[in-house]
Amino acid sequence: MEQKVYIAHRAEDGRAQSVKAHLEGTAALSEAFASAFGAAEWGRWAGLAHDIGKYSNAFQRRINDPDHAPRTDHSTAGAQEAWQRRLAPAAFAIAGHHAGLPDGGTRLDTADYPTMIGRSRKQVPDCGAWRQEIVLPQVSLLPYLGRDGFTDSFFTRMLYSCLVDADFLDTETFMQGLQPRGDYAALPVLLERLSAKTDGWLNAASGSALNRCRNDILRACMERGTQWPRGLYTLTVPTGGGKTTASLAFALHHAVERGMKRVIYVIPYTSIIDQTVDVFQGILGEENVLAHYGEAAFRQKAPEDLTPEEYRQLLASENWDAPLVVTTAVQFFESLYANRSSRCRKLHNLADSVIIFDEAQTLPLPYLRPCCAAIAQLVEHYGATAVLCTATQPALGPLFGELAQSLQMREICPGGTALYQTLRRCHLEDLGSLSLEGLASRLREHQQVLCVVNRRKTAQQIYATLPKDGGSFCLTTLLCAADRRAKLAEIRRRLKEGLPCRVVSTSLIEAGVDVDFPVAYREEAGLDSLLQTAGRCNREGREGNPTKCPVYLFKLEDSPAPRMLEPQITALRAAQREQGELDLPEAIAYYFKTLYGVKGDEALDQKNIVESFDYRQSVQFPFAAVAKEFALIENPTKTVYLPIDEGEDLCQQLQAGQANRALYRKLGPYSVEVYSEQYQALYQAGALNPIDERSAVLTSLTWYDRETGLRSDAQGGQGLFL
């Protein structure tokens, strides 16, 4: 008697893939992915069991006659098999491989609940035929599992990632044929390319004191990258010390020496990701650097319009299988706490990787504990090396010690206080309180000056008082990204050519934006913000005497600081009282310790993310609930699209109902995010044509000034430029 063939997929050309072939193909990939963190048996088990529900007659009727047979649940059967064998991580992964990781639920959940406990009690179609074709292997319990809920939940996500990526890839290969994935240069080749670039710097017979110091930092990163084991490190380098290239050197030397798979560079702001990507692609080759963020070129086009290289990058963004990935902190951490397959399938590629966290001081306080907890897990259990890279190193040693006692942070860069003194290129001076006009008067006296303020409206007000000689600029997020990029290019040109250049900006210019002013002003905020502004003053050390390059701290009269900055200002004032010089490591450490104390321990995990996975909680493993709660950037804003340049035609398409993902991505550079109050005022003034509840197209460019951005003065149909 001929054995029945159970079908998992049918391609458009009529080809059929058997369930057995799909399970074995998925299992092989999942096993390989999970082997990176010692869980190969788990990966294989999950791959073999994930679709055993397709052995049911109900599913076979559906796959053979989709127009007349109803959909049927094919995920729960494998999850129940895992649950009965007490393989909870595999049960969650299988249950969620289409719909997303479910909440664990409570013991009272019945079969109609969408939780894991509810799913375990659900009646499913008989699929016992799987036992004739599939043999599920024995699984060993990993030594770190079963100790605490957070560790187990993290392992569950990593196993889920292995399974869903394997499932996608096996299905994709069958349905569409092999795709142009992989085929990147090996990490040793990338290290050779980097060395070819850096050897010229290191072998130079002479150079400025600044360049000699940068070379010392670079050498330390190269040597320690080769010599030191995997672990948790800090790289504390004063602004302008060359930490971007030095950190890449550490990462590539370390990855090659330890046989690791890739380097992942995590950057806090999209405003600086382009320049970092340009540096890396210039050294390593565009094809070897994946830039995964909203405005990357491959995300701006429809798939059919992509070049072969862009299409390969699009595929790599799904699972981060490129040798060097540059992404945002939002993408990185929100993926780690997501529950959907589209966000989680890349997570397994964090194992066995070197992960650089640029501008580590920007990790948001309300999520600091869960962010550090995730980093600790990756280093302690998944073979990753993590580097916290910044000029203003947050005092995270005690927090990491609490989260993972086996981890000890080590500093890569030698020098400490002496290095900061050597690289000091400006001096800090406190002006006390200034009126708005008093500040503006001082700025007008400088030919080239940077002033950073806390509010967008303040920046517009000050800009209005500056000379209109072509050399005054206002940089805020009320300008769309396209206009900000154009202005930064003009600012750099004028600075280089010695032309008048007075810039008033919000904090968007601080972290990593490569500009060099002879003098700077910073409205009172946190010490890290003050020192980041200082990093834009005499950045290249052209003025040998730091006292000639002041950075002025000031407080605006009649303009109280935003409430969200009050703890930072309190900690700054404490550091001013207790520390002699604010731009030294000791003062920075004091500031962060004070800040964490002012905020309190609960403020470091404002939504109780880590604690929610404790086994003592009434709801077990709330994957879906946490995914909704974990948002690094709370986004109460709405989007206004601007009909300027290319955006004019794109806005017309949007209003004509041609909305799709590619169109929204193309519109990204021509959009401004505004708070609900400003959105409502613009709407009431007739300035907006709504597209949906959270976005609209600007009806007239009278409401958008390409020098200062979207007007913030709309009131009942009338308003004045500031």
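1. Helix α9 gives the most to the lining of the second largest pocket, supplying seven residues. The coordinates come from a predicted model, and the remarks here should be read accordingly. Helices α8 (187-202), α9 (209-227), α10 (243-258) and α11 (270-284) each supply at least two residues of that lining.

2. One cavity of 30 Å³ or more is present in the structure. The largest cavity holds about 230 Å³ of space. It is lined by 16 residues, and P238, T239, L531, A534 and D583 are the closest to its centre. Ten nonpolar residues, three polar and three charged make up the lining of the largest cavity.

3. Which residues have the most contacts inside the largest nonpolar core? They are F332 and F333, in a core of 207 residues. Helix α7 (residues 149-176) gives the most to this core, with eleven residues. In soluble globular proteins, nonpolar side chains tend to be buried together.

4. Leaving aside residues up to four places away in sequence, F333 touches F357, L363, C371, I375, F630 and L632. Another core, of 17 residues, lies apart from the largest one; A459, Y521, Y552 and L556 are among its members.

How values were computed. Residues are numbered from 1 along each chain as its sequence is written. This is a predicted model: local features need pLDDT of at least 70, side-chain atom pairs count only at pLDDT 80 or more; totals for chains, interfaces and linings use all residues. Side-chain values use heavy atoms; hydrogens and water are left out. On a 1 Å grid over the protein atoms alone, a cavity is a set of points where a 1.4 Å probe fits but cannot get out, and a pocket is an open set with protein on both sides within 12 Å along at least five of seven lines; lining residues have an atom within 4 Å of a point. Grid points are joined across faces, edges and corners, and a volume is the space filled by probe spheres set on the points. Ala, Val, Leu, Ile, Met, Phe, Trp, Tyr, Cys and Pro count as nonpolar, Asp, Glu, Lys and Arg as charged, and the others, Gly among them, as polar. Helices (H or I, at least four residues) and strands (E, at least two) are DSSP runs, numbered from the N terminus. A nonpolar core is a set of buried Ala, Val, Leu, Ile, Met, Phe, Trp, Tyr and Cys residues joined through side-chain atoms within 4.5 Å. Buried means under 20% relative accessible area, exposed over 50%, partly exposed in between (1.4 Å probe, protein chains only). Contact means heavy atoms within 4.5 Å.
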